[in-house]
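Work through the exercises below with the sequence and the model open beside you. Try each task yourself before you read its solution.

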Amino acid sequence: MNAPSALSSVQSDLDLAAMFAAQRQAFAGNPLPPAAQRLQWLRSLREALLAGQAGLIEAISEDFGGRSADETLLAELLPSIQGLRHAERHLHRWMRASRRRVGLAFQPASAQVRYQPLGVVGVIVPWNYPLFLAIGPLTCALAAGNRVMLKLSEATPASAQALKQLLEQVFPADLVSVVLGEIEVGQAFARLPFDHLLFTGATSVGRQVMLAAAQNLTPVTLELGGKSPAIVSADVPLDSAAERIAFGKTLNAGQTCVAPDYVLVPRERLSAFSDAYQRAVRRMYPRIADNPDYTAIINPRQLQRLQHLLDDARDKGAQVVDLYPAETRQGRRLPPHLLLDVNDSMQVMQDEIFGPLLPLVPYDSLDQALAYINQRPRPLALYYFGHDRAAQEHVLRHTHSGGVCLNDTLLHVAQDDLPFGGIGPSGMGHYHGHDGFLTFSKAKAILAKHRFNAARLIYPPYGKTLQRLVYKLFIR
């Protein structure tokens, strides 16, 4: 490490420690913010997002080198605003203590669970949805009464700066702090002794974050990714299934953690599905090169990675279909591609694609398709296209995934009353809505005894008749 880097790292560690200490001190002075105060935080954030949406859209597009304004509205602002409104509507109910049953052997007593803020929460935000994946966790953490530190991605500097300025206008630094910086700053951030740390990003980085958090016994929520499969059934209308899969794969140019990564198609329907998919994509995007509706790849490194996946697959025998072969590419807009005749030796079938490349895998029976999925790491999402209820239930019972959409893609993530999170290599823990409130709260168990103490019946010395009666009644 050269001297400037070392100095920068030391400075960032000092700054982060001071920022964290200020938030911890502020939390100690207000460890249980009332509902009215939390609601004001949420309303202020929502109003600021609505007022600043034009600047955020422009900044995100600048970072991507061309990001559809409508995609930012649909996939970032809309779920952010709706998530805030959902929390505002339900916060009083979420905060209410819940009464619990006391067993007969422990009467007379009462039991309840109260929900307490954890303290200072850290959130590490990725580049692919730099607004929604910051605001979503922030909403849940503030609703639960916490202080929050956000580490924004170095890959989206314009949107990070815009969001930082917006949040600094809304919140004092000891309530919400925004951290910018390169990889070493993110590493230092993960080493802070947070009361909870939420990370969204690659599985490989998630392992490093969890390792850093373990030094402080910091609990983590990891929202990772992996290869989310889609299954096309033998009888679903192909045009409908292909259109919905095409939307899920081309939104944000496939740079979505729950984008369909590959599609399992009945062998006899493979050609027909390929044709239907190509028609659906071309309807949505008549052209790619200069189409403002189609989002660019975030940076040259990611574009090079995707091109390598195509070259590697082609070299190993895949049929690579460019859906726009006559167009000259402009900037970093990579056209959608289909990949046929793929196999496990190809990198495109090993790594999460995170781009507009879609492998098609033939299968001969539904159980064969499920076995193919189950032999691989558990995915963040799974999509099944078919209207037969028995087949749907069979898929649900015989697979594991973070979430499922039946006859659609992506949209389960936008449901505020559903938990969002992965399983195994695709993540751990979950948030959104009430589940996010619970993630960022301590469920404190409270047992209250009264003046009469029935427990005296089991105090030593042992061997009394009443004790033997207790054993007879309750140990059976």
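Predicted model: local features only at pLDDT ≥ 70, side-chain atom pairs only at ≥ 80, totals over all residues.

Residues are numbered from 1 along each chain as its sequence is written, and side-chain values use heavy atoms, with hydrogens and water left out.

**Exercise 1.** Find the partner of Asp 195 in a salt bridge, and state where both residues lie.

*Solution.* Begin with the rule: a salt bridge is a side-chain nitrogen of Lys or Arg within 4 Å of a carboxyl oxygen of Asp or Glu. Side chains of opposite charge can pair when their charged atoms come close. The partner of Asp 195 is Arg 24, with 2.9 Å between the closest N and O atoms. This pair links distant parts of the chain, since Asp 195 is in the loop between α7 (183–190) and β6 (196–200), whereas Arg 24 is in helix α1 (residues 3–29), 171 residues apart. Helices (H or I, at least four residues) and strands (E, at least two) are DSSP runs, numbered from the N terminus. By the salt-bridge rule, the count comes to 15.

**Exercise 2.** Decide whether Arg 67 and Glu 76, which meet in a salt bridge, are buried or exposed.

*Solution.* First recall the classes: buried means under 20% relative accessible area, exposed means over 50%, and partly exposed lies in between (1.4 Å probe, protein chains only). Arg 67 has a relative accessible area of 4%, so Arg 67 is buried. Glu 76 is buried because its value is 0%. The distance from N to O in this salt bridge is 3.1 Å.

**Exercise 3.** Classify Arg 287 and Asp 290, which also form a salt bridge, by the classes of the previous exercise.

*Solution.* The closest N and O atoms of the pair are 2.7 Å apart. Arg 287, with a relative accessible area of 37%, is therefore partly exposed, and Asp 290, at 44%, counts as partly exposed.

**Exercise 4.** Describe the surroundings of Asp 435.

*Solution.* Start with the place of Asp 435, which is in helix α14 (residues 433–439). Leaving aside neighbours within four places in sequence, Asp 435 is in contact (heavy atoms within 4.5 Å) with Leu 418, Pro 419 and His 430. The C-alpha atoms of Asp 435 and Pro 419 are separated by 5.7 Å, although these residues are 16 residues apart along the chain. Finally, Asp 435 is partly exposed because its relative accessible area is 22%.
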